[in-house]
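Please look over the sequence and the model shown here before reading on. The briefing that follows is grouped by topic.

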Amino acid sequence: MKITEKNGDIFVTPVECFDLDLTLDCGQAFRWKKNEDGSYTGVAKNHPLTLKKEGDTLILKNTDKNIFDTFWKNYFDLDRDYKKICNKLKEDKLLSSTIDEYYGIRILNQDSWEALCSFVISQQNNIKRIKLIIDRLCNAYGEDLGDGLYSFPTAKRLSELSEDDFNALGCGYRSKYLERLSKEVASGEIDLKAIKKLPLDQARKELKSIYGVGEKVANCALLFGMGYYSAFPLDVWMKRVMEYYPDGLPKCFEGYEGIAQQYLFHWARNNL
DNA sequence: GTCCAGGCATGCA
DNA sequence: TGCATGCATGGA
């Protein structure tokens, strides 16, 4: 993987198995917006970015080499060999055809607080409306990064809100969950960094003890915000997919159940 | 108007 | 342990 800088843009090549549409708009992250030229603009942590792909070259605009090295490279999981993982997953028949059709889904290493908070909002909600609510939340309480971009608000900032404030954003019955979650993370009562160091089962147990966090939301936070690639979130779509696996998950998913899940989730939404 | 969405807490058996 | 029910709201 070669990294060069030209006119302030970062060029990374070759980048295999990375389809921007499939990865940035597949329901794991809610803050990437597609531009007219096919590029995407979004924010993670306090870093704005516009991202484009030409062939197997990834082009990052509005950032710098240092932020790429210390942040985006990990965020996009660029050091992981997805090609190899996909080849393994393709030992499963359904995934074989699915990966052929939708090749290029990666797991983004999102911030644990943002992921947990986002997936509390996601429950019993559709992706379009999840994006709408998170957009309002960031615009109202995030840090202004210029160009109409805002960071995801910190737990500390959201801990100042009341249930009514969350209601005003359209969070509905999840408002009470968000109020408590924000206050408990801000106070340190919930320590996401500590949870992230635990083995999967223990980390999941800790997350499920949080008010408003059940099995599904916990698994999403683990997979998308804490680097647990074996977490396997079961939402309404995935429960339909599970009819194809009456004997449980195949052996070839082992270690990367979460990546398999993302392909199956995408397949389900397009085919079931 | 009805139905549904990346579910959860609660009460009850 | 498992199952039924209520829950907010915008889009189809």
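**Briefing on the predicted model**

P14 is placed in the loop between strand 2 (9-13) and helix 1 (20-24). The structure is a predicted model, and in it a cis peptide bond joins T13 and P14, with omega at about -5 degrees.

**Surface near DNA strand B**

- DNA strand B is surrounded by 24 residues, and the closest of them are G27, Q123, N126, G214 and V217.
- Helix 12 (215-225), helix 13 (236-241) and helix 14 (257-271) are the elements that give two or more residues to this surface, and the largest share, four residues, comes from helix 12.
- By residue class, the surface near DNA strand B divides into ten nonpolar, eleven polar and three charged residues.

**Surface near DNA strand C**

- The residues around DNA strand C are Q124, N125, N126, K128, R129, N167, G170, G172 and Y173, and they divide into one nonpolar, six polar and two charged.
- N126 is listed among the closest residues to DNA strand B and also among the residues around DNA strand C.
- G172, one of the residues around DNA strand C, is found in the loop between helix 8 (163-168) and helix 9 (175-187).
- G172 has 15 other C-beta atoms within 10 Å and is therefore partly exposed.
- Although G172 and I121 are 51 residues apart in sequence, their C-alpha atoms are 9.1 Å apart in space.

**Loop residues with a positive phi**

- Q124, which is also one of the residues around DNA strand C, lies in the loop between helix 5 (112-122) and helix 6 (127-141), and its phi is positive, at about 50 degrees, although Q124 is not a glycine.
- Q124 counts as exposed because 9 other C-beta atoms lie within 10 Å, where 12 or fewer is the limit for that class.
- D147 is likewise a residue other than glycine with a positive phi, near 55 degrees, and its place is in the loop between strand 7 (144-146) and strand 8 (149-150).
- D147 has 10 C-beta neighbours inside 10 Å, so D147 counts as exposed.

- Strand 3 (residues 33-34) pairs with strand 4 (residues 40-44) in the antiparallel sense over two bridges, and K34 stands opposite Y40 of strand 4.
- These two strands form a hairpin with five residues between them, and G38 in the turn has a positive phi of about 90 degrees.
- Strand 4 also pairs with strand 5 (residues 47-54), again in the antiparallel sense, over five bridges, and the bridge partner of G42 in strand 5 is L49.
- The hairpin of strand 4 and strand 5 has two residues between the strands, and K45 takes a positive phi near 55 degrees there.

**Nonpolar core**

- The largest nonpolar core has 68 residues, of which V120, L207, A221 and L222 touch the most other members.
- With neighbours within four places in sequence left aside, V120 is in contact with R174, Y177, L178, L181, G212, V213 and V217.
- V217, one of these contacts of V120, is also listed among the closest residues to DNA strand B.

Methods:
Residues numbered from 1 in each chain as written. Chains lettered and ligands numbered in written order. Predicted model: local features only at pLDDT ≥ 70, side-chain atom pairs only at ≥ 80, totals over all residues. Buried ≥ 20, exposed ≤ 12 C-beta atoms within 10 Å, placed from the backbone. Near = placed C-beta within 6 Å. Nonpolar A, V, L, I, M, F, W, Y, C, P; charged D, E, K, R; others polar. Pairing = 2+ DSSP bridges. Core = buried A, V, L, I, M, F, W, Y, C linked by C-beta atoms within 7 Å. Contact = placed C-beta atoms within 7 Å.
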